[in-house]
Amino acid sequence: MAQTAFLGKWFHRSLHPWRGIDWLLLIMPLGITLFSSLLIASTRLYTGETDLAWNHVIMGALGIALCMWIARSRYEALLEWRWVIYLITNLSLVAVMLIGTVGNGAQSWISIGGFNIQPSEFAKIGIIITLAATLKDRESTTLGGLLKALAITAVPWVLIFLQPDLGTSLVFGAIVLGMLYWSNMNPGWLVLLISPIIAAVIFTLSIPVWIGWVVLAGAIAWMTLPLRWYSTLIIVVVNSIAGKIGELLWNLLQDYQRERLTLFLNPEQDPLGGGYHLIQSRIAIGSGQLWGRGLFHGTQTQLSFIPEQHTDFIFSALGEELGFMGALAIVLAFWFICLRLIIIAQNAKDNFGSLLAIGVLSMIVFQVVVNIGMTIGLAPITGIPLPWMSYGRSSLLTNFIGIGIVESVANFQHRLKF
């Protein structure tokens, strides 16, 4: 009995620094990482590169270690380091442009000691921390606060877009919109923020719809912005010009560039070129039916019909080998992670911690929705990885660091958790 009591006290003291963390939130990403290593091994079995699966496990272990270390550290300390983090983020992105290596048409990696590091992935965490520190005060919900947040985001966003890394730049947009909304920014301002992009897209599709959108944007400006007449006029003019610019940019694109943006709507028009990935991915997922062909038994996966399936198209391997039920289980796991993130954001003791959780939530939700969408033909192929599942060292570590920051928020909150 005495020995059991001693072991109990020792175990309690060992876990004391993590007494407040959300263990359910920690277990789910860990489980997804370990499970995805099996899928990665399955996708590389034919080529004999199963060591990638072990690399995924090793990086996952490192990610968990970082996550636990961050979780026991007070997240409030990030407030003092926010500008240093912001500076390091931008300097790393500049370094990519100067000494980065090129892969898949983008200069996004820096080679250090034989390892390729992707600074744009870690930049997601940098912008979440900086924006959370900027938006935590009540004054941040003013129009001036909105412009300040956009100015802070613009620098790393432009550097990433110039690599060019369209996928990560889109993730940045989702992070910013999610955090602005959670900070109680006027929803009308957020609509106006993205209105020129929408106007540019729909101008080439339907002029009547575009006219209706310009009128709607003007009405929102009239109801939400100061200096109504001037603000409304500016918004109407900007959306009108954006529509024409969108048409000009579309016409400047080469045929193959246009096809790449719209090919997901009809990949059969180029079955051996740009549409090949999506066609094979849909075949793989469809052939899995309800329960799948079995792990390591998927024909599309084992015969490597889908190039680079272990990265952005890992969901197609899941769909083929474990079927609809396996895919559903993973989607529910992601849903549960997002639910825990929302609960932690709601129960955080301050706005800074709450915004950190929502920033990580926005990052994960957008990546999951777009990645799964592009593998089944509901979204363009943008090169966005599936969190904890797609093979990629920088992406995996970034997601675990994000969870570690949120766990720190949970660990040092003083309210009851659900």
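Leucine 162 counts as exposed because its relative accessibility is 52%, where exposed means over 50% relative accessible area, buried under 20% and partly exposed in between, with a 1.4 Å probe and protein chains only. This is a predicted model, in which local features need pLDDT of at least 70 and side-chain atom pairs count only at pLDDT 80 or more, while totals for chains, interfaces and linings use all residues. Residues are numbered from 1 along each chain as its sequence is written, and side-chain values use heavy atoms, with hydrogens and water left out.

Leucine 162 lies in the loop between α6 and α7, helices here being DSSP runs of H or I with at least four residues and strands runs of E with at least two, numbered from the N terminus. Together with Val94, Met97, Leu98, Ile99, Trp157, Val158, Phe161, Leu166 and Leu170, Leu162 forms a nonpolar surface patch with about 900 Å² of accessible area. The elements giving two or more residues to this patch are α4 (77-99), α6 (143-161) and α7 (166-182), and α4 supplies the largest share, four residues.

Elsewhere, α15 (residues 351-375) is mostly covered, with 21 of its 25 residues buried. The end C-alpha atoms of α15 are 36 Å apart, which agrees with the 36 Å that its 25 residues should span at 1.5 Å a residue, the expected span being 1.5 Å times one less than the number of residues. Just after α15, glycine 377 takes a positive phi of about 90°.

Taken as a whole, the protein has 16 helices and three strands, and 47% of its 418 residues count as buried.

Key: Patches are made of residues with over 30% relative accessible area and no salt bridge: like charges are joined within 9 Å, nonpolar side chains (Val, Leu, Ile, Met, Phe, Trp, Tyr) within 5 Å. Accessible areas come from the Shrake-Rupley method with a 1.4 Å probe; for residues, only the protein chains shown count as cover. A salt bridge is a side-chain nitrogen of Lys or Arg within 4 Å of a carboxyl oxygen of Asp or Glu.
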